[in-house]
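Biologist: I am new to this structure and would like to learn how its features are read, one after another. Could we begin with the strands and how they are paired?

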Amino acid sequence: MRREMRNSECGIQNSWHTFLIPNSEFFVLTLALAVPGVARAQTTDPRFYVSVNAGVQRSGNNVTQSFSVQKNLEDMPITADIDEKRGVMFDGGVVVRLAGRFGMGFAASVVTNDTDANVTASVPHPFFFAKPRSVAGTTPSTRRETAGHIQAVYLLPGRRLNVMIFGGPSLFSIRQTLVTDVVYSETYPYDTATFSSAQTASSTSKTAIGFHAGVDVAWMFSRSLGVGGMARFARAQATLNATNNPALKVDAGGLLVGGGIRLAF
Amino acid sequence: MRVLKVLFPALILALVVTGPVGHPLRAQARPRTVSATAFADLRTWDATVDRMKRDDLLRVRRTTDDAQLPGRVHERLEQFYQGVRVFGGDVARQTDHGLTVSIFGTLYDGVDLDVRPALSIEDVKAIVERESGVALGPDRTPELVILPGDAGGYRLTYRATVFTLQGDSEYFIDAKTGVVVLKVAGARRQGGTAAIGRGKGILGDDKKLSISSQSGTFVASDMLRPPSLKTYDARGDINKVLNFLNGRTTLVTSDLASSTSTTWGDPVPVDAHAYIGFVYDYYFKRHGRRGLDNNNISILSIVHPVRRNDILTASNDIVGLFYLNAFYCCDGVMVFGEGLPPGFVLTSTRQTVNFFAAGLDVIGHELTHGVTDFSSRLISRNEPGALNEAFSDIMGTSVEFFYQPAGSGLMQADYLIGEDVVTPGGIRNMANPGALGGPDHYSRRFTGTDDDGGVHINSTIVSHAFYLAIEGGTNRTSGLSVQGVGAANREQMEKVYYRGFTQLLPANATFAVARAVTIQAARDLYGVGSAAERAVTQAWTAVGVN
């Protein structure tokens with residue numbers, strides 16, 4: 001019986017006919033060729049894609065606090081520098097293919113960073129005006145960025161390799177440990193002081209709106225299970241408030257790179 | 001401008017000898033000055049001191065580790081005869097890891113008298129009350145001492161200190177007969193919760209104050225420095241001040257200078273309280289000394305002992321002591337004079353007199369009397385008295401240079417004493433003593449009996465030597481030049497004089513002994529042949545003390 005070969009409605013049915021694919025899918029092909037055992041188009045593209053990732057966030061974010069508190073009848077200037085350039089990221093998302101290669105998705109990510117804040121202060125002398133003593137030290141600081149990403153997705157599905165390009169608005173909330181005061185020790189004659197610790201408070205920002213864009217590449221072991229990698233750049237600016245501090249504008253987001261499980265169904 | 005006739009502060013002090021000294025004589029008083037730094041002398045005197053200790057002729061009053069030179073120990077011994085202290089007889093021995101380095105002192109030979117008093121303590125108190133008009137409180141117990149006479153001989157006496165409108169006075173009362181043998185004006189005068197306060201000083205500068213909070217009120221009680229430093233406001237109640245000084249009443253918390261907020265309005269307690277702290281800090285930072293007694297004794301000061309506006313109705317005694325003076329009384333107590341109201345000047349010099357609390361050097365001077373009381377115990381008359389006053393001027397000026405920029409204006413460091421209070425010019429000039437009538441050379445010393453034998457007057461011979469040792473220059477009388485260590489090295493001279501005067505000098509020292517101890521101190525600290533030793537030596541020679 002003669003076997004007919006034809007294009008399915010949804011894509012290429014047989015890998016050995018890949019040369020018949022429409023020109024619009026050339027990009028997928030190119031990506032697939034880059035991998036040994038190149039992916040082939042699936043017989044039926046899934047409607048739902050789920051991803052779970054772990055990874056890191058890299059950014060140029062630094063939190064710099066500069067404020068004063070009153071000590072010994074003078075201002076005690078305090079600065080705190082917190083390096084937020086690196087964080088651990090957990091991310092999950094779902095994409096619904098709506099029509100053709102277009103879909104919508106939602107992803108949520110949590111980035112945490114435990115680091116030390118470098119704190120300096122000029123402690124006014126108890127007996128004299130304008131004779132401050134310098135102190136410096138570190139204090140633990142934790143930052144937790146929680147973000148929701150509403151995604152417009154363009155899907156480039158292959159037989160094994162699925163690629164998604166996405167972007168859209170992001171909603172950020174930041175919970176950040178901020179320095180609110182410095183504790184120091186001093187003994188007579190008080191010409192020097194020693195940093196003991198810093199008083200801190202956790203500040204949670206109001207929801208800040210930003211944006212994101214990224215790409216997700218998945219290698220499917222089977223029709224519904226695979227692994228993948230994701231890179232997303234997201235950015236927003238949030239405002240933090242803490243005791244003794246003026247309103248502090250901080251950058252959120254950065255380049256998130258991670259990998260994890262992919263589900264498709 | 002109204003002119004108030006008053007005596008110059010330094011001249012208000014008077015030595016009053018009210019009875020013959022040295023009668024009855026059981027032996028001739030023969031003071032021996034000890035000044036041993038050479039090996040042969042040291043060996044002899046070391047043995048003598050040890051023998052006298054064994055025989056209970058010398059008793060150790062205090063042994064202190066040297067704060068400047070590790071390993072050095074200073075032993076102060078007082079002379080006793082049959083258990084009674086010989087007034088003015090003492091020895092200061094310095095050792096380095098057990099080896100004696102120097103011995104200075106005054107010892108009295110030939111003491112031979114019956115040390116059993118005929119009078120009781122109560123008898124003596126009654127005599128003191130009769131003589132002074134002051135009833136001593138229960139804590140004021142006269143001390144039985146053997147008093148060497150100026151003209152020779154010894155007398156068993158009771159020594160009692162009382163405070164009157166003329167100042168504090170030492171009475172020496174014959175323990176057998178009740179005769180007042182000697183009366184010495186002893187006052188060394190100038191001529192809750194921790195909180196920080198602020199206020200303007202008398203000259204308008206902003207100052208911080210270490211105060212405390214008690215029941216919602218801020219009081220002038222320093223809780224940040226190791227000792228208790230309290231400033232009381234007598235609010236013009238002179239009777240309360242006198243009763244306190246004589247031990248008949250105590251000052252309570254409500255007597256402390258106070259403010260309802262941390263910002264103080266009255267500049268007088270602001271300056272007094274701040275400057276006393278400064279002086280304590282100077283001694284600690286520069287010399288490692290912990291307060292007047294080196295053991296953080298409390299310092300209590302009193303401001304507004306009188307009201308300025310009452311000056312026209314005040315007696316000359318009150319004006320002289322409580323308007324035109326500041327004085328260290330005893331046991332860490334200091335009183336600040338009120339100065340003259342605006343528009344009044346001193347008759348003799350046309351100078352105005354501000355609140356005495358305005359003078360950092362004044363307060364340094366007075367508190368240094370406390371340091372002397374707890375170290376060399378220099379006797380407050382004649383040459384020891386002049387050394388006492390000179391050391392106070394030297395340290396008062398050093399405190400000024402420690403905190404203030406050098407210059408010639410108000411609140412600037414210079415070699416004038418009291419220039420921020422008695423204006424213009426101050427009351428003594430260490431750089432050029434003659435400018436204010438003081439002698440700059442031993443040959444010009446005052447030899448009369450006023451001023452306790454010229455203790456303030458002759459002090460400028462010594463303090464001028466200190467000036468020359470730092471700044472260098474030529475003594476106007478001798479024409480001899482001195483190569484000083486330079487202003488940048490003033491710390492060297494401050495340490496040399498501090499060491500000499502607090503650790504090596506005996507109570508009855510002469511200028512010549514002061515020369516020897518300061519040279520020894522310079523050798524101790526900076527080495528034989530050092531610039532410091534050369535400067536000290538040249539300076540003493542230039543002022544005629546050899």
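Modeller: In this predicted model, strand 3 (residues 74–83) of chain A and strand 5 (residues 102–123) of chain A run antiparallel and are joined by 5 bridges.

Biologist: How many bridges join strand 4 of chain A to strand 5 of chain A?

Modeller: There are 11 bridges between strand 4 (residues 86–99) of chain A and strand 5 of chain A, and these two strands run antiparallel. Here Arg97(A) is the residue that stands opposite Gly103(A) in strand 5 of chain A. The hairpin of these two strands has 2 residues between them, and in it Gly100(A) takes a positive phi near 55°.

Biologist: Which way does strand 5 of chain A run relative to strand 6 of chain A, parallel or antiparallel?

Modeller: Strand 5 of chain A runs antiparallel to strand 6 (residues 133–156) of chain A, with 22 bridges joining the two. Within this pair, Val110(A) stands opposite Thr146(A) in strand 6 of chain A. As a general idea to keep in mind when following the side chains, they alternate between the two faces of the sheet in a regular strand.

Biologist: Turning to chain B, how is the length of a helix checked?

Modeller: One compares the expected span with the distance between the ends: at 1.5 Å a residue, the 12 residues of helix 13 (residues 531–542) of chain B should span 16 Å, and because its end C-alpha atoms are 16 Å apart, the two agree. Just after helix 13 of chain B, Gly544(B) takes a positive phi of about 85°.

Biologist: What do the buried residues of helix 13 of chain B pack against?

Modeller: The buried residues of this helix, including Val536(B) and Trp540(B), pack against helix 10 (459–471), strand 28 (481–482), helix 11 (490–504) and helix 12 (511–526) of chain B.

Biologist: And how does one judge chain B as a whole?

Modeller: Chain B has 13 helices and 28 strands. Its radius of gyration is 23 Å, close to the 24 Å that the globule rule gives for 546 residues, so chain B is as compact as a globular protein of that length. Of those 546 residues, 55% count as buried.

Biologist: Where does chain B touch chain A?

Modeller: In all, 12 residues of chain B are in contact with 8 residues of chain A. On the side of chain B that touches chain A, helix 5 of chain B gives the largest share, 4 residues, and by class that side has 4 nonpolar, 2 polar and 6 charged residues.

Methods:
Residues are numbered from 1 along each chain as its sequence is written. Chains are lettered from A and ligands numbered from 1 in the order in which they are written. This is a predicted model: local features need pLDDT of at least 70, side-chain atom pairs count only at pLDDT 80 or more; totals for chains, interfaces and linings use all residues. Two residues are in contact if their C-beta atoms, placed from the backbone, lie within 7 Å. Ala, Val, Leu, Ile, Met, Phe, Trp, Tyr, Cys and Pro count as nonpolar, Asp, Glu, Lys and Arg as charged, and the others, Gly among them, as polar. The expected span of a helix is 1.5 Å times one less than its number of residues. A residue is buried if 20 or more other C-beta atoms lie within 10 Å of its own, exposed if 12 or fewer, and partly exposed in between; C-beta atoms are placed from the backbone. Two strands pair if DSSP finds at least two bridges between them. The radius of gyration is taken over C-alpha atoms; the globule rule is 2.2 Å times the number of residues to the power 0.38.
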